[in-house]
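Let's walk through this one together, chain by chain, and then look at where the chains meet.

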Amino acid sequence: MTIRRTWWAWGFLAAPLLAYGIAVVWPALYSFAHGFTDWQAVGGGDFVGLAQFRRMAADPSFARALVNTLIWTVVGVLVPTVVGLALALALNRVTRFAKLIKSFFFLPLALSLVVVGQVWFWIYRPEDGLLNLLLDAVGLGSLAHAWLSDPDTALWAVMVAWGWQQVTLAMVIFLAGLTSVSRDLTEAAHMDGAGPWQRLRAVVLPALRPSSVVVISLSLINALKSFDIVYVMTGGGPFRQTETLAVLAYRVSFKTYDFGYGSAVSIVLFVVSIVIIGMFFAWNAWRDRHA
Amino acid sequence: MPETVLATRPAIPATTAAREKGASRVPLAAALLGFAVVFLVPCLGVLYTSLKSDADIAANGLWAPSGSLSLDNYLQAFSVGGTGRYLLNSVLVTVPATAVSVALGTLAGYAIAALRPRFGELIGFFLLAGLFVPPQILLIPLFQGFNATGLYDTLWPMIVVHSGYGISLCTLVMRNFFRSLPMELRAAGLVDGASEPRILASIVLPMTRPALAALATLQFTFIWNDFLYPLVFTRSDTLRTVMVGILQQQGQFSIAYGVQAAMAVLASLPTVAIFIAFQKHFIAGLTAGAVKG
């Protein structure tokens, strides 16, 4: 029976492994190999060792993209997570119209980043965008400006649009997690005279640990991939100030068709992703052991 | 767990303290409702813009209130903007890619969790690793591969890539699901002399319906909303999926905001509809994915 079982296991695994091999493993390995060549879209390339990586080290748009990606993975993950948690805690207390209110908040999750980017592009429009209109209306018209074409604000403006959707993601997962917070335990803490803040810290937040791991891992993965929304809102500009590594890899590969350099940039993006997510998991495991 | 996500909390015992607490929650609900409306201003904005005429927008600005609303932009989106073609392309990509990725993930997850072959956990880990692979690293080789096989600028690249790339998430969710499933029924099937595919098809699969629904909802949303692959793997306007099609509009009719908004609404309708219908499943899928990963 064991033999038959194993045989079938491999039978079941064959098709998934093949598809995964074609769509993921083969291309990833291929890119890894070609990051060490001067491959152009037209006319092949030769092995050049680490030349593409040295080129990257001297490339200011790479430095910018790396910094932007790091900002995005820290601020772009932490802020929506905290806001999402606060919203979830508030929503969890609502008894009236709870279902309706939650449905409203869930809606952005169904939208594509292309649509999200397009709407926020309209919100930021300098002449008749909603943000500048609102600032004008409350007498802060002096603050109004071209959010997406000012290098100082463009990245943050894009991150706000992205965060708007991420808040929803965090909130949804925290709300699901809150249903597992023991009401008895919360009640008991209440009877023991624990205030709302103490109950939150001693009972609710520890129970939400698994949810926060999910939220942060998903947000990190999304942040590291952030491409669509930048492409739609700024195209990486102004002056490439909003390029992330994902956008840079795309531009180098499919605008200038510099495949060798594009492969090298995507290798760096891959390594950065693994390091950041690996660090998060390691920190998490460490906390589990010392809890 | 998913059932309880949306359930309101049980009624609070009618002690004085509790009643006060309940009363204090009405303003909270009102405040949150208000905040929800503010939060949804971007969505409402697109919806509103899609009903305004371009002349109106040009004269009064994008966000100005308007007296005359109509569905003209939607008709235009189909007649001039080619939205029908874009939507059809999206369906032709999303439906098969969702089905294939979920099917393959089910096979892999079942094999790893229930049949436990040697090195099964290792293979599981190998398949899950794809979650951390940024799509950018796959683009150049796939672009070259699709060019070489004549599949570039067809709908096939998106179907192939989503089917394969989606396996990571699908395997993760299904493996976790099968682990939580009691396997006595499988043993009973084995004793009765049923073959493994038969056991999977007639005993196990009927029990997996909730997990499959969650996963399919999630995958449908991801694939429908994808922008990068169709951007890279297609070139002809007639082969664009709707997410790329929306942007195509930007260049061609640089001031047709109303039509653009109508296209955005149309492009969002399928995922929003699925989301509203299967909200429970969608959330279950999101949380099931990584909880035990």
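In this predicted model, 45% of the 291 residues of chain A count as buried. Take the contacts in chain A with a separation of 6 or more: 69% of them come from residues 24 or more positions apart.

Now zoom in on helix 5 of chain A, residues 113–123. Why is this helix described as largely enclosed by the rest of the structure? Because 11 of its 11 residues are buried, with 20 or more other C-beta atoms within 10 Å of each one's own. The buried residues of helix 5 include Leu113(A), Gly117(A) and Gln118(A), along with Trp120(A), Phe121(A) and Trp122(A).

On to chain B. Here you'll find 17 helices and zero strands, and 47% of the 293 residues of chain B are buried. For contacts in chain B with a separation of 6 or more, residues 24 or more positions apart make up 77%.

And where do the chains meet? On one side there are 77 residues of chain B, in contact with 82 residues of chain A. Helix 2 of chain B (residues 16–39) supplies the largest share of the chain B side, with nine residues. By residue class, that side of chain B splits into 55 nonpolar, 18 polar and four charged residues.

Key: Residues are numbered from 1 along each chain as its sequence is written. Chains are lettered from A and ligands numbered from 1 in the order in which they are written. This is a predicted model: local features need pLDDT of at least 70, side-chain atom pairs count only at pLDDT 80 or more; totals for chains, interfaces and linings use all residues. Two residues are in contact if their C-beta atoms, placed from the backbone, lie within 7 Å. Helices (H or I, at least four residues) and strands (E, at least two) are DSSP runs, numbered from the N terminus. Ala, Val, Leu, Ile, Met, Phe, Trp, Tyr, Cys and Pro count as nonpolar, Asp, Glu, Lys and Arg as charged, and the others, Gly among them, as polar. A residue is buried if 20 or more other C-beta atoms lie within 10 Å of its own, exposed if 12 or fewer, and partly exposed in between; C-beta atoms are placed from the backbone.
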